[in-house]
Amino acid sequence: MVHLKSPDEIRAIGRCGGIIAALFAEIEPRVQPGVSTAALDRFVDRFVRSHSGAVPAFKGLYGFPGSACISINEEVVHGIPSGRTLQEGDIVSIDVGVKQGGWCADSAYTFPVGEIGAGAAGLLAVTYKALAAGVAAAQPGLHVGDIGAAVVETVRPTGHAIIRDLVGHGIGRAIHEEPQVSNIGRAGFGVPLQAGMVLAIEPMLAVGTDEIRTLRDRWTVTTLDGSLSAHYEHTVAVTVEGPAILTGGGIWDDGLEVDSVRPGHAGAGAGGAVGTGAGATVQQS
Ligand code: MG
Ligand code: MG
């Protein structure tokens, strides 16, 4: 079942999302050579819990040990915070879920560590544009396949690989809800998008192969060929006025160039115009 959210519920998810956006802005200057991923994880944990009733949603989720997933270079997702320190030229993805008042938001940002090479910078720019294109397709009347199709259309000319075995998802009371949001999609196919749906849209790209493997720690997913990977993620509400990014603002406002959509704070499109009753549901097709 796909659960549709009321305007009040979307605002509650947006409050969780605002915590993550503020976190990313606060953590950006701390993403420096020599800092350990465990230290970043402690910062995430303290920052999230400093907000009334908020907890890091990944802590203990399926048994994950950290408060954030922190993935360096060829690591795609689910990196476990550790004593490993960041090096000049690394790229590091920080993926954070926040739960507050029974609602969740989920967002990821890949940070450059000091000066990065042209290949890494290009990967970040394309991944960011892929996210923007996917978000722009989160419109009522379109289908979930339009999101993945927009990602493919953005990425294909660049020659980068889209990680197809990892997907975005619905989000709300739980971090992971239906439907799955593939980054490889066919326009017009999949679950119809309706006002009140809230989706975590999260393209994961690699410089080389789209194949991945899971390390022996049973969490860390890396590219099979060891090539660099990047990941950007927003929690987005589908509204009658179009997509409303619930994890925007802060670092996203002065980030990379985005043509198709300007990430912004929740509220503009997430107000009273969602046009759906609380608790309404729709059968997943
Ligand atoms: Mg995430
Ligand atoms: Mg997610």
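**Helix packing, nonpolar core and sheet**

In the predicted model, Val-126, Lys-129, Ala-130, Ala-133, Gly-134 and Ala-136 of helix H3 are in contact with Ile-147, Ala-150, Val-151, Glu-153, Thr-154 and Val-155 of helix H4 (C-beta atoms, placed from the backbone, within 7 Å; helices are DSSP runs of H or I with at least four residues, strands runs of E with at least two, numbered from the N terminus). Eight nonpolar, two polar and two charged residues make up this contact (Asp, Glu, Lys and Arg count as charged, Ala, Val, Leu, Ile, Met, Phe, Trp, Tyr, Cys and Pro as nonpolar, the others, including Gly, as polar). H3 (residues 118-136) and H4 (residues 144-155) pack at about 145°, their axes being 8 Å apart (lines fitted to C-alpha atoms over the stretch in contact, with angles from 0 to 180 degrees between N-to-C directions). Residues are numbered from 1 along each chain as its sequence is written. Local features of this predicted model need pLDDT of at least 70, and side-chain atom pairs count only at pLDDT 80 or more, whereas totals for chains, interfaces and linings use all residues.

The largest nonpolar core contains 88 residues, and Ile-94 and Leu-205 have the most contacts inside it (buried Ala, Val, Leu, Ile, Met, Phe, Trp, Tyr and Cys joined through C-beta atoms within 7 Å; buried denotes 20 or more other C-beta atoms within 10 Å). H3 supplies the largest share of this core, 11 residues.

An open antiparallel sheet comprises five strands in the order E9-E8-E10-E15-E16 (pairing requires at least two DSSP bridges). Strands E9 (177-181) and E16 (242-245) are at the edges, each with a single partner strand, so one side of each lacks a neighbour in the sheet.

Key:
Chains are lettered from A and ligands numbered from 1 in the order in which they are written. Two residues are in contact if their C-beta atoms, placed from the backbone, lie within 7 Å. A residue is buried if 20 or more other C-beta atoms lie within 10 Å of its own, exposed if 12 or fewer, and partly exposed in between; C-beta atoms are placed from the backbone.
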